[in-house]
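Reader: I would like to learn how to read helix packing and a few overall features from a set of coordinates. Could you take me through it step by step?

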Amino acid sequence: MSENENGNIILKARDITKLYPGTVALNGVDFNVYRGKVNVLVGENGAGKSTLTKILAGVEVPTKGVLQLEGEDVRIQSFHDAASYGIGMIHQELNLFPNMNVAENIFVAREIATAGIHIDHKTQVEHAQKLLDRLEADIDATAQVADLRIGQQQMVEIAKALALDTRILIMDEPTSALSAAEVDVLFRVIGDLKKHGVSIVYISHRLEELVKIGDYITVLRDGNLMQEAPMKDIDVPWIIANMVGDDNDREIKHASTSTGEEVLRVENLRLARVSGGFTVDHLNFTLCRGEILGIYGLMGAGRSELFECLMGLQKEVKGNVLIEGKDITIGTVDDHIRAGLALIPEDRQREGLVQVLDVSNNMTLSSIRKFRKWIHIQNDKLKKAVHTMISDLSIKVASPQVLISSLSGGNQQKVVIGKALLTEPKVLLMDEPTRGIDVGAKGDVFGIMNKLAARGLGIIFVTSELKEIMAISDRIMVMSKGKITGEYLREEATEEMIVAASASGHKVTEHSLH
Amino acid sequence: MNINTVSGTAGSVKSNNLQLGMLLLKLRTFIALFLVVVYFSIMAPNFLSMANMLIMVKHVAIYAFLAIGMTFVIITGGIDLSVGSIVGLAGMVAGGLIYNGLHIPFMNVTIYFHLPMVILITLAVGIACGALNGFLITRFKVAPFIATLGLLYIARGAALLLSDGKTFPNLVGSEKLGNTGFPWLGSGTILGIPLSICILVVLGLAAAYLAKCTPLGRHIYSVGGNERAALLSGVRVNRVKMFVYMFAGFCAAIAGLIIASQLVASHPASGETFELTAIAAAVLGGTSLAGGRGTIGGTIIGALVIGVLGDGMVMMGVSTFWQMVIKGIVIVAAVVVDQFQRDLQSRVALAED
């Protein structure tokens, strides 16, 4: 490395080792943050990316190793240390207060206050709105965070980090909850920040995204530094090869297994919005046995709400949902599960898993009745089912009695899938099934989807990733503002068509608003 | 590579220590009970005598009934402040039915029920109070603290109204009316073991079985651990909640019956502040107020610690004021240790990762 390049390094981590009881999270890793560049950090789950960024942000203290800021050794032992050096971080998990409004969240713990006691709400809201407008986020600074969709909350989180005058901004999977349009905006913001000399550390599982946005890339594997390279010299296969250690063909493929035999029919499904109009706007579609139907749409397109309607979570739903010709529209979630529907929710932590329970109890939560005799749970039968599912889905876990929270994201997701499968569903609803899991686990999830479709399950899955939806769906449906704005067979679909359809409803409403 | 092996061994030794620490912490209530018993058997003569033991367990049983019901409620993430008042109301209902009978004004008759019927009606009243709690909480989304606080006053008021604040004395019933035998509940024995202890054993085993081996039990834990995930998994959350409050009411009614029977009289103020003792026993036994964690076995041991501590201090002649201070310290210490265990647990989980 030349002297010249060294001068361009704002933050240098040298020989960082971090030990946890029983594990080496990081093993003598070097990491350079180049001034005014996007420094990408990649690796599979458990590779040590999060640990490394937490050390940079002062959340964790390294067991060994030094941090050098502008060539000087520094000790960063707390969030406040990091903030005083101008290092800010956007965490993967949202750290917002749902009970406060957007502006209050952005200025939390550094409120703009007169004489230190009287909060100047007006100024706060003004500043917050300016930040949000800069992000082109259509969010009112006085809105309650609880009322925002996850994608919008992510934008608030980014605005919060921008409100600090950071020199180094660490972003841990900032796009995992964003739609394509929102990602574009974020990338423009990142470009803007670079121009202002802000250095960015960027973590993501979306490799295409990394190649697009990154300037330098560092690959970690199992706590070890694999490679560091300027992004212009490398490509996606190079990244994957360094991440997973072999050149496995991980490309997703799907051969249609649809039988043409209808399993789900949705007629005139609609869900009124409190503020008028419809969140789910008169939907009609069918799903066949063995078919994979992909639903694409921007945040707020009504995809998650559609799933909630199908599962019986929305009491105000109108229209008909038929499973094998049987109308099940009105009923509890339990009734819908018994009828053959199963949901893999979007937010694994909040909606999919019970953190205090072990793997076995989480997996059998929906299907526990299947294992009972009178009121008694037959443990041997249950154990066998859990073991079969663990090996079927190749879940990496020491024993079914391990706490669910100790598993990696990908394995947790597989447990959620296992829970749904144990109910022996006819139709599987998957809401962003690959959100926040690594490349390897993603491949596994798609493999599972293929296998299930081949067994005759109908699958509807929602995603914000174009590549995924193009690869795995038999049929693609695009939603916008609660309506179906496009429907294509995989053969005829192009990315341009899908993106255009996903934005179409927005233009219409803009016109009608003005 | 070198670093890996060295730290690997160091890590495993460290994690062994962690495991041992975890085990000791998990058994902490047991250890506390053991220490309390050993201490009092040295300091207080007659403490270990059979007669004294039985008396203590009979005291403990009252709290244990309430604590078992409370444990389920707390595991779902709720709280039930009304159980103490239900104890009072149940006693008064039973006492009233035996002492005054059920007077039906417009027919101008008074019905005296047989003892089994009295017991059934009393239990039904307890369950109905719990159902009202559950209804307020599930249907009207009233916070459990508030709903059961309301019931705390309502049930106590109703108990006082039944007798105009007086005690129903001498509940032996009469041969002529066919309602004798009530005192047997409190003083009777089966194979030499007091009836209340037998009931506690049966109820404790049934509750433990329910928690461990039935779908309902799994659902109770899942509702407390993550209500949203439970709902999405098809757990009928509202039914589960209804059940736990009704069960707590049922347990409270049993306690009310036994207290009234032991005293052969029912007093409208009986059971005051018992809800707090029940919560303390559950928490001492490792039930987390955040929901999702707790065991019936732990709760019963927790009740034993509180009961034995109380009785032991009485035998040693410790002043009631000091007794309160010491009980308070024990409860707070239990929660501090519980928090410590959870931190340690997450570190062990990390080590296993």
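Author: Gladly! Let us begin with axes: an axis is a line fitted to C-alpha atoms, for helices over the stretch in contact, and angles run from 0 to 180 degrees between N-to-C directions. Helices (H or I, at least four residues) and strands (E, at least two) are DSSP runs, numbered from the N terminus. This is a predicted model, where local features need pLDDT of at least 70, side-chain atom pairs count only at pLDDT 80 or more, and totals for chains, interfaces and linings use all residues. Residues are numbered from 1 along each chain as its sequence is written, while chains are lettered from A and ligands numbered from 1 in the order in which they are written.

Reader: At what angle do helix H3 and helix H12 of chain B cross?

Author: At roughly 65 degrees: H3 (residues 50-75) and H12 (residues 274-284) of chain B have axes that come within 8 Å. Angles under 35 degrees count as roughly parallel, over 145 as roughly antiparallel, 65 to 115 as roughly perpendicular and the rest as oblique. H3(B) is therefore roughly perpendicular to H12(B).

Reader: Which hand does the crossing of H3(B) and H12(B) have?

Author: The general idea is that a crossing is left-handed if the near helix is turned anticlockwise from the far one by less than a right angle, and right-handed if clockwise. Here H3(B) passes H12(B) in a right-handed crossing. In classing the residues, Ala, Val, Leu, Ile, Met, Phe, Trp, Tyr, Cys and Pro count as nonpolar, Asp, Glu, Lys and Arg as charged, and the others, Gly among them, as polar. This contact has 10 nonpolar, 2 polar and no charged residues.

Reader: How does H4 of chain B pack against H12(B), and at what angle?

Author: H4 (residues 83-99) of chain B meets H12(B) at about 130 degrees, with the axes 6 Å apart, so H4(B) is oblique to H12(B). Two residues are in contact if their C-beta atoms, placed from the backbone, lie within 7 Å. Val83(B), Gly84(B) and Val87(B) of H4(B) touch Phe274(B), Glu275(B) and Ala278(B) of H12(B). Sorted by class, that contact holds 4 nonpolar, 1 polar and 1 charged.

Reader: How far apart are the axes of H2 and H13 of chain B?

Author: They are 9 Å apart, and H2 (residues 28-43) packs on H13 (residues 296-316) of chain B at about 20 degrees. H2(B) and H13(B) are therefore roughly parallel, and their crossing is left-handed. The contact of H2(B) with H13(B) includes 13 nonpolar, 4 polar and no charged residues.
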